[in-house]
2 protein chains.
Amino acid sequence: MNFKKELDTKVDIVNQYLDGFIPQAQGYAEVIYDAMRYSSFAGGKRLRPILMLSAFEAVGGVGEIVYPFACALEMIHTFSLIHDDLPAMDNDDYRRGKLTNHKVYGEGLAILAGDALLNLAFETMITATKKHRSWEAIDAMDVIAYAAGIKGMIGGQVVDLISENKIIDLDTLHYIHKNKTTAIIQAALKAGALLGKGTPEEIEALDKFGYCLGMAFQIQDDILDIISTQEELGKPIKSDEKNGKATFVSLKGLDFSKQYVKQLSQDAIHYMEDFKEKGQFLSWLSEYLMSRTY
Amino acid sequence: MNFKKELDTKVDIVNQYLDGFIPQAQGYAEVIYDAMRYSSFAGGKRLRPILMLSAFEAVGGVGEIVYPFACALEMIHTFSLIHDDLPAMDNDDYRRGKLTNHKVYGEGLAILAGDALLNLAFETMITATKKHRSWEAIDAMDVIAYAAGIKGMIGGQVVDLISENKIIDLDTLHYIHKNKTTAIIQAALKAGALLGKGTPEEIEALDKFGYCLGMAFQIQDDILDIISTQEELGKPIKSDEKNGKATFVSLKGLDFSKQYVKQLSQDAIHYMEDFKEKGQFLSWLSEYLMSRTY
């Protein structure tokens, strides 16, 4: 099995669905559609949708319902990036090698484009739930909504913001990583398993896989911010240092961080063992992500 | 029947539920809970929740499911006000006689508090839907999500923003009023009727009532911005003029605007006739709102 080819195929499918779920510019408010699409099609890796599709398939899920949910995750992710880049937050001018949303559309429209994407994520999931009349879909929405909110991603973003230029301890950094990045990645896996009607054991295993992968992914990000180049990363390196942000690397050192990513990655793969052949893609993806340089 | 007393009772009930649905400050991210609660309990009229409860009762709805939905509407409304007041938008320092969210918590946290309230609105509705296992709840969520998004409130906000300091025609102003304010008010009525399991005719009548009431309410707002005092209004008067915003009054004059509010109000009451006694509270509320001075 050529997993890289499978990954590329999945990315293409997600892009096609996303193109359908984010309307084309229309009417008096057309500029907001442009702003939403600008950041939604700015070279994202589609990691969260891919993870959801893969969890769905790992539990033997069938049907179309996973696609609107996968796209909703990407909308939530994109919303968070647009707001995160604003001058009142990280104040970043570039993301993935392109100007950030507010540098192109202005701050007011960037705030609204983020709001609109968060709302559209829920619209998309609700419409799909209504169409498919599936109670698993309600459970999946519940998992995603919780992970996006104050006890998940937004909560992590808050602590990240108020911790800037402060000395924070490892517990606080763990809270930020666990919530700001990991919560939605974990929700992608769990909600995918729910939509695919996995057994309680399968759902739990994918939830734990998601935790390990999400944490490993974020710490890898901290590492790349130090060791990568701007060209490879598509955004300025050492931005964490510039923004006065503690990272796993600044608190625990580069070697320990690399070792920890390796450990988390092994733990993640361990949780996929019971899935046998159906878990191979996620195991491969986990290793593939940890070897990335951007 | 003392309708004013009934209104006050409903406001108290909404406040109690809202207090339960917006968590108390906790954990590392506690400041965001404070920010969310600050604007949520800053003297709002609770118009949207009250309208939803009243529509629910008008169709003979029973049970608890309407409360989480009513509170979700207020969260969406509060989110929109927090973002609307930001320097990149209307740049308002006061709202209802109190400092706006970003003046107290800073821009970054105000953006996140708005995001968090929008997300919490969906979390609250999804949790209730899951608990009650009601398909009417999915339909109600669908109506609310659509009304809040790019083809509703956020779309209206976008056109409002890009129209500042521009000469706009009546069609554009109508688009702004119809979407920025009316869409959510209309959704409050329709979703309340759906949750209360109204007949298709009842749902349609309440939907139309919502449209007339919402438009009348917004034009009344335009009028009050001219004829009220800062003390009565709790925010600076003539803010529309200051912000370079066209209003119904600036385009059509004060007398015509007053006449139009009266007409819309009469139309609204007309739609309540078939509800007989059960529609009396909404008819009274419609007249009460049009006689307000703040």
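The legends below describe close-up views of a predicted two-chain model.

Residues are numbered from 1 along each chain as its sequence is written, with chains lettered from A and ligands numbered from 1 in the order in which they are written. Because the model is predicted, local features need a pLDDT of at least 70 and side-chain atom pairs count only at pLDDT 80 or more, whereas totals for chains, interfaces and linings use all residues.

**View 1. Confidence of the model.** Chain A averages a pLDDT of 94, and 97% of its residues score at least 70, pLDDT being the predictor's confidence in each residue, from 0 to 100. For the complex, the predictor gives an ipTM of 0.96 and a pTM of 0.96.

**View 2. The side of chain A that touches chain B.** Counting two residues as in contact if their C-beta atoms, placed from the backbone, lie within 7 Å, 43 residues of chain A meet 43 residues of chain B. Helix 6 of chain A supplies the largest share of this side, 16 residues, and the side as a whole divides into 28 nonpolar, 9 polar and 6 charged residues (Ala, Val, Leu, Ile, Met, Phe, Trp, Tyr, Cys and Pro count as nonpolar, Asp, Glu, Lys and Arg as charged, and the others, Gly among them, as polar). Since 100% of the interface residues of chain A are also interface residues in chain B, the copies meet through the same surface.

**View 3. Helix 8 against helix 9 in chain A.** The axes of helix 8 and helix 9 of chain A come within 7 Å and cross at roughly 140 degrees, where axes are lines fitted to C-alpha atoms, for helices over the stretch in contact, and angles run from 0 to 180 degrees between N-to-C directions. Among the residues making the contact are Met153(A) and Val159(A) of helix 8 and Tyr175(A) and Ile184(A) of helix 9; by class, the contact has 6 nonpolar, 5 polar and 2 charged residues.

**View 4. Two loop residues with positive phi.** Most residues other than glycine have a negative phi. Arg133(A), in the loop between helix 6 (107-132) and helix 7 (135-148) of chain A, has a positive phi of about 45 degrees, and is exposed, with 9 other C-beta atoms within 10 Å. Lys197(B), in the loop between helix 9 (170-195) and helix 10 (200-227) of chain B, has a positive phi of about 60 degrees and is partly exposed, with 16 such atoms within 10 Å (buried means 20 or more, exposed 12 or fewer, and partly exposed in between).

Technical notes. Helices (H or I, at least four residues) and strands (E, at least two) are DSSP runs, numbered from the N terminus.
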